[in-house]
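Try each one before you read its solution.

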Amino acid sequence: MTSQAEIVFRREWGRAVAVVTRLTGDLGLAEDAVQEAFASAVGRWASAPLPSDPSGWLITVAKNHAMDRLRREARRSGKEQAAMLMLSQCDPDPPPGRIADDQLRLIFACCHPALDPGTRVALTLRTLCGLSTAEIARLFLVSEATLAQRLVRAKRKIRAAGIPFRIPADDELPGRIGGVLRVVYLVFTEGHQASTGSRVVRGELCDEAVRLARLLAGLCPEDPEVLGLLALLLLTDARRCARAGDRLVLLAEQDRSSWDHVKIDEGTRVLDRAARLRRPGPYQLQAAIAACHAAAAEPSTTDWAEIAALYAALARHEPSPVVHANRAVAVAMAEGPAAGLAILDELREDSQGGRWHLLHACRADLLRRLGRTAEAGDAYRAALALDPPPAEREFLSGRLAELDC
Amino acid sequence: MRYLCLLIGEPGIEGPVPGTPEFAQMLSDYESATRAMAADGALVDSGPLQPPSSAATLRVRDGRPVVTDGPFAELKEQIGGYYVLECADLDEALRRAATIPAARYGAIEVRPLMVMPDRA
């Protein structure tokens, strides 16, 4: 694929699939048609300049492919009238707001609670973010054939069970939005932490997650958790360039001048709007923590006591080892390593916590700062034994070597 | 689309006991839910079932019927009733199923009926 077409592909795939799905009511057909349209585009755009409106061109071509296929099938089954009716309802030039609505319809279908939770993320990455089955298979550590099979099954279920391509009504939204936020959050986390592959951050996944969060915030401007998620993603993504060069760079060691202040400002504004609605929740609390970091010009001016308090509030919503470990780190910064270590030692008793590499990595760091070198070495080795992602493995091995024990 | 809603009792969850005000309330909730579905044209059929002990299970083997007593053994939870609903999509079926009291005391499996080509 030429790079020009590739850029348009990333940007336009989800929009085109969404529009054609609305017109045909068939996600599988829409994906095939958009795929064909992109194949035509690659041939055409390699030798000629891009059309003035590549997005409109792609949607029109994809629509024509879909309609051709519907017409062929209709002729076979004698249902030409139904097909003609659908064709007559086609608007040639959907306004921008309409395309956003089409994408929202598709999000709610892909994140439907009747679908298997893991498959919801995969389906969203495929249909809305335009990742290939091969790329998604790598993310989920499964073979491409397995992943393709899962997607086929999910699309078949959408059709067979009558899962609608529809934005839920106002009274249904509160019950449905949480599941959608979770999927968008997971898409972002996958981009930000990149559990697979050699890159520390997969920026295109972060971009897609922010784009989807914006669409949802447009749909639910009065839902503080939707705003909270958007703020969280913006404030976290603002550190993308500083966090990942060739290797993982820790928050304290990041070059803060390379943080994206446009994203920080927007994230802070969105978080303020959420806070004014006075219904705190986990995404807002995480965003508030990210905002505390963003507000500190130097690591030494970070308000760790505030961050520890926010993690304590978050732990009441989500009492997971991950949240408690983060609280321990904040407490260690506010009150000293010994206070943080006490919280981590409690967590280590928990079997779930004991199998988590970052818990051992945090303990190792606090033990190192307390001068308990031998114990720190054991903790680094315990973290490494739990098979951390490549970037973290390199970091932890480095620290272990520095300990000289 | 048509959906079969199977009303399933979950072991360990006891519904209201006959003769109590809660039981009377549940019956009246069933009635109003069913009436609302009928009024909207969504209700195709519905009904409660006699207890599983009243069931017989039939298999035809080598052309001969083989009947055993009791319900199909592999069915862990017991089915207490059913609704067949005509709905635009799964979300409508789920919304309507949520008005059936059995959803509060057990579970409701909502499953689309297959559309046979000659009836479509």
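**Exercise 1.** In which helix is the place of A:Glu135, and is A:Glu135 buried or exposed?

Solution. Start with the helix: A:Glu135 sits in H7 of chain A, residues 133–139. (Helices are DSSP runs of H or I with at least four residues, strands are E runs of at least two, and both are numbered from the N terminus.) This is a predicted model, where local features need pLDDT of at least 70, side-chain atom pairs count only at pLDDT 80 or more, and totals for chains, interfaces and linings use all residues. Residues are numbered from 1 along each chain as written, chains are lettered from A and ligands numbered from 1 in written order, and side-chain values use heavy atoms, with hydrogens and water left out.

Next, accessibility: A:Glu135 counts as buried because its relative accessibility is 16% (buried is under 20%, exposed over 50%, partly exposed in between, with a 1.4 Å probe and protein chains only). Finally, neighbours: beyond four places in sequence, A:Glu135 is in contact with A:Arg10 and A:Arg202 (contact is heavy atoms within 4.5 Å).

**Exercise 2.** Work out the strand order of the open sheet in chain B.

Solution. The four strands run E2-E5-E1-E6, with antiparallel pairing (a pair needs at least two DSSP bridges). At the edges are E2 (43–48) and E6 (106–112) of chain B, each pairing on one side only. Now zoom in: E2(B) and E5 (residues 79–86) of chain B share five bridges, and B:Leu43 has B:Leu85 as its bridge partner in E5(B).

**Exercise 3.** Is B:Leu58 buried or exposed?

Solution. First find B:Leu58 in strand E3 (residues 56–61) of chain B. With a relative accessible area of 54%, B:Leu58 is exposed.
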